[in-house]
Amino acid sequence: MLSISILEESPHHIIQVKGEIDASNSVQLDESIRSLAEKGAQSILVDGSELEYISSAGLGVFMSYLEEFQEKGIQLKIFSLSPKVFEVFRILGLDQLISILSTKEEAIQES
Amino acid sequence: MEHKIQIACRTTALSELRNFLNQTLLPSRLNENELNQVTLAVEEVCANLIIHSHQCNEKDHILLAVRQESDRLTFEITDKGKAFNLLDYEVPDLKKVISEKRKGGLGIILVKKIMDEIQFESHRGMNTCRLIKLFRS
């Protein structure tokens, strides 16, 4: 089960992900990020505080935007991941490629 | 002790698979982090089979058997059909995955990093992938 909601806290857009991301629903995350990028968002912050699980399908969504966002100057950051979810990013080395912060405040400050 | 589950080849069955693993492995010696990782590795193999070997055909099934022994957990994943031997699959370079904007390939990296041993055999149309996780003493 996954629910995604988007909050605008200018100049940031915050994607709140709640539940589990796997191959059955990762398209929802993809569509949320895509729609924000298309409407011109410059800072996308993903609130992972209620993300209970992520498989490679979800990780792949984040990775697929890395180059494009770098070229377009769009910031993508993830914050408040639980230790077990963060560990999955770390196993793949994605913590070195994607900006992952402990708190929302840190994510905003770093922007 | 062995526990088994059969799931249909649809991606929505993956949450069913996770629930089964969480319940089955709760009394094991794994901590929360390890439990999450072995669940992920088993799910990645099953997701690959569902999507790539069975094209999400709900009439097809995958059987998972979990065996707990004193020093290890063995996950035996059996399906009928086109064999997908992940031992033959070349692990993609992470940079290549990014530059080609591929959304696949990461799962196999995870399985290889999380599990201690991977075995594969195919016999008369039945494919068996065995994932082994050793308990750290």
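Predicted model: local features only at pLDDT ≥ 70, side-chain atom pairs only at ≥ 80, totals over all residues.
**Figure 1. Chain A, with four helices and five strands.** The elements of chain A follow one another in the order β-β-α-β-α-β-α-β-α along the sequence. The radius of gyration of chain A is 13 Å, close to the 13 Å that the globule rule gives for 111 residues, so chain A is as compact as a globular protein of that length. Taken along the principal axes, the box filled by the C-alpha atoms of chain A is roughly 30 × 25 × 25 Å. Of the 111 residues in chain A, 41% are buried. Among the contacts in chain A with a separation of 6 or more, 69% are between residues 24 or more positions apart.

**Figure 2. Chain B, with four helices and five strands.** Along the sequence, chain B has the pattern β-α-α-β-β-α-α-β-β. For chain B the radius of gyration is 15 Å, close to the 14 Å that the globule rule gives for 137 residues, so chain B is as compact as a globular protein of that length. The C-alpha trace of chain B spans about 40 × 35 × 30 Å along its principal axes. Buried residues account for 32% of the 137 residues of chain B. Residues 24 or more positions apart supply 67% of the contacts in chain B with a separation of 6 or more.

**Figure 3. The side of chain A that touches chain B.** In this view, 20 residues of chain A are in contact with 25 residues of chain B. Two elements of chain A, α2 and α3, each give two or more residues to this side. The most is given by α2(A), with eight residues. By class, the side of chain A that touches chain B holds nine nonpolar, six polar and five charged residues.

**Figure 4. Helix α3 of chain A against helix α2 of chain B.** Two packed helices are described by the angle between their axes and the distance between the axes. Here the axes of α3(A), residues 83–92, and α2(B), residues 32–53, come within 9 Å and cross at roughly 50°. That angle makes α3(A) oblique to α2(B), and their crossing is right-handed. From α3(A), the residues A:Pro83, A:Lys84, A:Glu87 and A:Val88 meet B:Glu32, B:Asn33, B:Asn36 and B:Leu40 of α2(B). This contact has three nonpolar, two polar and three charged residues.

**Figure 5. Helix α2 of chain A against helix α4 of chain B.** The axes of α2(A) and α4(B), the latter formed by residues 106–114, come within 9 Å and cross at roughly 125°. The two helices are therefore oblique to each other, and the crossing of α2(A) and α4(B) is right-handed. A:Ser56, A:Leu59 and A:Gly60 in α2(A) face B:Leu106, B:Gly107 and B:Leu110 in α4(B), with which they are in contact. The residues of this contact are three nonpolar and three polar, with no charged residue.

**Figure 6. A:Leu66 in helix α2 of chain A.** The helix that holds A:Leu66 covers residues 56–72. A:Leu66 has 17 other C-beta atoms within 10 Å and is partly exposed. Leaving aside neighbours within four places in sequence, A:Leu66 is in contact with A:Leu97 and B:Ile98. A:Ile6 is 60 residues from A:Leu66 in sequence, and the two are 20 Å apart in space, C-alpha to C-alpha.

Figure 7. Most residues other than glycine have a negative phi, and most peptide bonds are trans. In chain A, the peptide bond from A:Ser10 to A:Pro11 is cis, with omega near 5°. A:Pro11 belongs to the loop between β1 (2–9) and β2 (12–21) of chain A. In chain B, phi of B:Gln55 is positive, near 45°, and phi of B:Cys56 is also positive, near 55°. B:Gln55 is found in the loop between α2 and β2 (61–68) of chain B, and B:Cys56 likewise lies in the loop between α2 and β2. B:Gln55 is exposed, with 11 other C-beta atoms within 10 Å, whereas B:Cys56 is partly exposed, with 16 other C-beta atoms within 10 Å.

Key
Residues numbered from 1 in each chain as written. Chains lettered and ligands numbered in written order. Rg over C-alpha atoms; globule rule 2.2 N^0.38 Å. Buried ≥ 20, exposed ≤ 12 C-beta atoms within 10 Å, placed from the backbone. Contact = placed C-beta atoms within 7 Å. Axes fitted to C-alpha atoms, helices over the stretch in contact; angles between N-to-C directions. Parallel < 35°, antiparallel > 145°, perpendicular 65-115°, else oblique. Left-handed = near helix turned anticlockwise from the far one by under 90°. Nonpolar A, V, L, I, M, F, W, Y, C, P; charged D, E, K, R; others polar.
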